[in-house]
Amino acid sequence: MIEDLWYKNAVIYCLSVDSFMDSDGDGVGDFEGLERRLDYLQGLGVTAIWLMPFQPSPGRDNGYDVSDHYGVDPRYGTLGDFVAFTHAAKQRGLKVLIDLVVNHTSDQHPWFRSARSSPDSPYRHWYVWSKTKPPHADEGMVFPGVQTTTWTYDREAKAYYFHRFYEFQPDLNTANPMVQAEILKIMGFWIQLGVSGFRMDAVPFVIARKGPDVSGEPEEQFGLLRLFREFLQWRQGDAIILAEANVLPKQDLDYFGDDADRMHMMFNFQVNQHLFYALASGDGRPLAKALKKTRCRPPSAQWALFLRNHDELDLGRLTEAQRQTVFSAFGPDPGMQLYDRGIRRRLAPMLGGDRRRLELAYSLMFTLPGTPVMRYGDEIGMGDDLSLPERECARTPMQWSDEPQGGFTKHPSPGNPPISGGPYGYEHVNAAEQRHDPQSLLNWIERIIRMRKEVPEIGWGDFSVLDAGTPGVLAIRYDWRNNAVLCLHNLKAEPQEVAFATGLDGDGRHLIDLLTGERSLADGNDRHTVLLEGYGYRWYRVGGLDYLLKRSPI
């Protein structure tokens, strides 16, 4: 059973094939280059790789405008190269997740080209059409300020088509049984080629009812989620779906399913946004509330925890005052912001390159309830290029060494060059240099990942937020199979002395720091007193003295 629920104690690493490693010198990353770097990923300690879209695409939205769901973009290699990669990953014990983009297609997809060509096309009803422009066509845009409408007139079809995203991404009519069958076929195809699951893009839009008469609150078809899960369980029992569903906590169970029969995993956007507020304000109370709000989930379901990803840092769940606090701390320049709701920067420059704050942020991500998801390059503290448009600023190539183009490619002038010059240029920030420095961020990340995998209580257990006596320190205890772990984080720059009880009576009198080996003994009132340095953190194993002495490291 535990093997089937591998995602409960996994460490997921997200990357873009085109930005990771170029093997043939054409300036674009490819699957052969990625395969060559699998030993690096295995050494880092991650257990699963999440690939952003790599299928054929016009490339107008970073590959999320798919034009063939059954192929590999020729720039990245062939289907054979993909299978060689998944096989090599399996040999190293690494699972592969891929993006499943089925809310929409590219307008260059053969399905849409056929659909627009004639009302009698077999693909006409695979998309959403209207003879006239719906009255609510200027509402519900995903990219306000960039989009002006969700319905666009197509001269060839002589009708309006619906697109929740850009106008070159027409929405599929996911209520159509033929479309549903095709989605299952796509999933089955990639499972057969070695994939262990999918990160499903824009899930609330995938399951929403679509049409010219639909307005206001979305009407979801949650039965689709059960259909997807049943198919996966039939084809490969341990395959999963990680849902991108930025919904309110009251809707979480609708996506997980009361009986755990829908999505296996979901990104915890609520916690992510309040985590950044905690880092900006030094106040952990709203984060603690967000943790409690998202607590309820079936035992086999799991949250995915992250710091930064390929999109902007969405702050839409915060209050206006909280949002402005985060903007002021991490994105004060309007050029750092996006859509008036988020920040488009990478983590290291957001935190001013402060090693203490970076460690604090990662320690939080690795010890909050759920499974951590990392972004390529963040393990070495890569920066961003704010001269690039929108979200492209944080999608620059991986910086492998101080060689030309950061060791990413032999091409003298790639279309998407690595960051060069300045404190975050590849000349200073690269994996090769950090590999040789025992105190580097990369080697610290390796150690923290190794420890996280040895603490399954975080991935599997229940949690309790403890009273540390100050809002500047977040204290969480995890319990699983009669074992307990307690994590402390000082959100402030100043040292803080905290006194707390583990809540386990006599069983909590002894603590041992998993990262340093230091011990703490409770006083006569079963309370521990700990001095945390500015932005300090502790991972404690909790237990009686006999238990601590006898227990093996894992």
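The structure is a predicted model, in which local features need pLDDT of at least 70 and side-chain atom pairs count only at pLDDT 80 or more, whereas totals for chains, interfaces and linings use all residues. Residues are numbered from 1 along each chain as its sequence is written, and side-chain values use heavy atoms, with hydrogens and water left out.

**Annotated domain**

- An unreviewed UniProt entry places the annotation "domain: Glycosyl hydrolase family 13 catalytic" on residues 14-409; such annotations may be inferred rather than shown by experiment.
- Residues 14-409 are 32% helix and 12% strand, with end C-alpha atoms 20 Å apart, where helices (H or I, at least four residues) and strands (E, at least two) are DSSP runs numbered from the N terminus.

**Cavities and a pocket**

- The model holds six cavities of 30 Å³ or more, a cavity being a set of points, on a 1 Å grid over the protein atoms alone, where a 1.4 Å probe fits but cannot get out.
- The largest cavity has a volume of about 60 Å³, a volume being the space filled by probe spheres set on the points, which are joined across faces, edges and corners.
- The lining of the largest cavity (residues with an atom within 4 Å of a point) consists of Gln55, Val66, His69, Ile98, Asp99, Leu100, Val101, Ile186, Trp190 and Phe198.
- Strand E3 (95-100) and helix H6 (177-192) are the elements that give two or more residues to this lining, and E3 provides the largest share, three residues.
- By class, seven residues of the lining of the largest cavity are nonpolar, two polar and one charged; Ala, Val, Leu, Ile, Met, Phe, Trp, Tyr, Cys and Pro count as nonpolar, Asp, Glu, Lys and Arg as charged, and the others, Gly among them, as polar.
- The second largest pocket contains about 580 Å³ of space, a pocket being an open set with protein on both sides within 12 Å along at least five of seven lines.
- Among the 32 residues lining the second largest pocket, Asp18, Gly59, Asn62, Glu392 and Asn416 are the closest to its centre, and the lining divides into 12 nonpolar, 10 polar and 10 charged residues.

- E19 pairs in the antiparallel sense with strand E20 (residues 519-521) over three bridges, and Arg519 is the bridge partner of Ile512.
- E19 and E20 form a hairpin with five residues between them, and Gly517 in the turn has a positive phi of about 85 degrees.
- Strand E22 (residues 537-543) runs antiparallel to E19 with four bridges, and its Val542 stands opposite Leu511.

**A buried serine**

- Ser363, in helix H14 (residues 355-367), is buried, with a relative accessible area of 0%.
- The side chains of Ser363 and His489 are joined by a polar contact of 2.7 Å, a polar contact being a pair of N or O atoms within 3.5 Å, of which, within protein, one must be able to donate a hydrogen and the other to accept it, with residues adjacent in sequence counted only if both atoms are side-chain atoms.

Terms used:
Buried means under 20% relative accessible area, exposed over 50%, partly exposed in between (1.4 Å probe, protein chains only). Two strands pair if DSSP finds at least two bridges between them.
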